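Trainee: I would like to learn how to read this structure. Please take me through it feature by feature.

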Amino acid sequence: TLTPLLSLGERYDDNIFETPTDKQHDFITVLSPGIRVQYLPTAPTLGTLFDFDYRANIEFFADHSSENNVGHRLSLTLNSPLAPSLQVSFRDLLVITEDPFARDERLSNPTGLRPASQQQRARTTHNEAEGRVDVRLGGRTSLGVLFGNLTDNVDVPEELDEFRYTVGTELGYAFNVARNSRIFAAYQ
């Protein structure tokens, strides 16, 4: 399915620069176009999931036009059994924004707080990707190959940018504990 999206909104902010003194207020018009693509599985590809979602937030400030900006949010999810013993999954989240309230979305737990950029308008690029390939080695044993990437780039000199890459494996075994019940134990 392909779904185009469009929203238009108006908001009032009594402290656009988020300062404790000398507060500046403004009316902000937000235009948000976007598109969502979803794949709904049919008989030969049961279990496959594809979800792509992109939205832009275009902000127009009435009195402070130098603060006009465009933010982007893109998410992608893919899960697919390529064969009975082979499963592939991938997730990606990309957020580019100057809005301090739009920076909190994450795929995993954040490693640290960013107090300076959370309290001011500064361009932030956050890209987080996770993927894995799982291979069933036998009836109950599986091996997974994992990878991940995190990029946090903040245009605030007082804060460090963060880059993290993760590669690993996971060996797992499924135990039958009761009728129709299983436990999956894994080491990563």
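Trainee: Which residues make the nonpolar surface patch?

Mentor: First, a word on the source. This is a predicted model, where local features need pLDDT of at least 70, side-chain atom pairs count only at pLDDT 80 or more, and totals for chains, interfaces and linings use all residues. Residues are numbered from 1 along each chain as its sequence is written, and side-chain values use heavy atoms, with hydrogens and water left out.

Mentor: Now the idea. A patch is made of residues with over 30% relative accessible area and no salt bridge; nonpolar side chains (Val, Leu, Ile, Met, Phe, Trp, Tyr) are joined within 5 Å, like charges within 9 Å. A salt bridge is a side-chain nitrogen of Lys or Arg within 4 Å of a carboxyl oxygen of Asp or Glu. Areas come from the Shrake-Rupley method with a 1.4 Å probe; for residues, only the protein chains shown count as cover. Here Val133, Val135, Leu137, Leu143, Val145 and Leu171 make a nonpolar surface patch of about 440 Å².

Trainee: Which strands each supply at least two residues of the patch?

Mentor: Strands (E, at least two residues) and helices (H or I, at least four) are DSSP runs, numbered from the N terminus. Strand 6 and strand 7 each supply at least two patch residues. Val135 is one of the patch residues, and its place is in strand 6.

Trainee: How many helices and strands does the chain have?

Mentor: Zero helices and nine strands. Read from the N terminus, the order is β-β-β-β-β-β-β-β-β. The chain has 188 residues, of which 29% count as buried. Its accessible surface is about 11900 Å², and carbon and sulfur atoms hold 59% of that.

Trainee: How do strand 6 and strand 7 pair?

Mentor: Two strands pair if DSSP finds at least two bridges between them. Strand 6 (residues 124-136) and strand 7 (residues 141-154) are antiparallel, with 13 bridges. They form a hairpin, with four residues between them. Arg136 has Ser142 of strand 7 as its bridge partner.

Trainee: Which strand do twelve bridges join to strand 7?

Mentor: Strand 8 (residues 162-178), and the two run antiparallel. There, Gly148 faces Thr166 of strand 8. On another side of the pairing list, strand 5 (residues 86-97) is antiparallel to strand 6 over twelve bridges. Thr97 stands opposite Thr124 in that pair.

Trainee: How many salt bridges are there?

Mentor: The general idea is simple. Side chains of opposite charge can pair when their charged atoms come close. Here the count is eight. Arg91 and Glu130 form one, with their closest N and O atoms 2.6 Å apart. That pair links distant parts of the chain: Arg91 lies in strand 5 and Glu130 in strand 6, 39 residues apart. Arg91 is partly exposed, because its relative accessible area is 33%. Glu130 is partly exposed too, at 27%.

Trainee: What does Arg132 form a salt bridge with?

Mentor: Asp134, with the closest N and O atoms 2.9 Å apart. Arg132 also meets Glu170 in a salt bridge of 2.7 Å, N to O. This second pair joins Glu170 in strand 8 to Arg132 in strand 6, 38 residues apart. Glu170 counts as buried, because its relative accessible area is 14%. Arg132 is partly exposed, at 21%.

Trainee: Which side chain does Ser32 join in a polar contact?

Mentor: A polar contact is a pair of N or O atoms within 3.5 Å; within protein, one must be able to donate a hydrogen and the other to accept it, and residues adjacent in sequence count only if both atoms are side-chain atoms. Ser32 joins Asn57 this way, at 2.4 Å. Ser32 sits in strand 2 (residues 26-39). It is buried, since its relative accessible area is 14%.

Trainee: What is the phi of Asp22?

Mentor: Most residues other than glycine have a negative phi. Asp22 is not a glycine, yet its phi is positive, about 50°. Asp22 lies in the loop between strand 1 (2-13) and strand 2. It counts as exposed, because its relative accessibility is 61%.

How values were computed. Buried means under 20% relative accessible area, exposed over 50%, partly exposed in between (1.4 Å probe, protein chains only).
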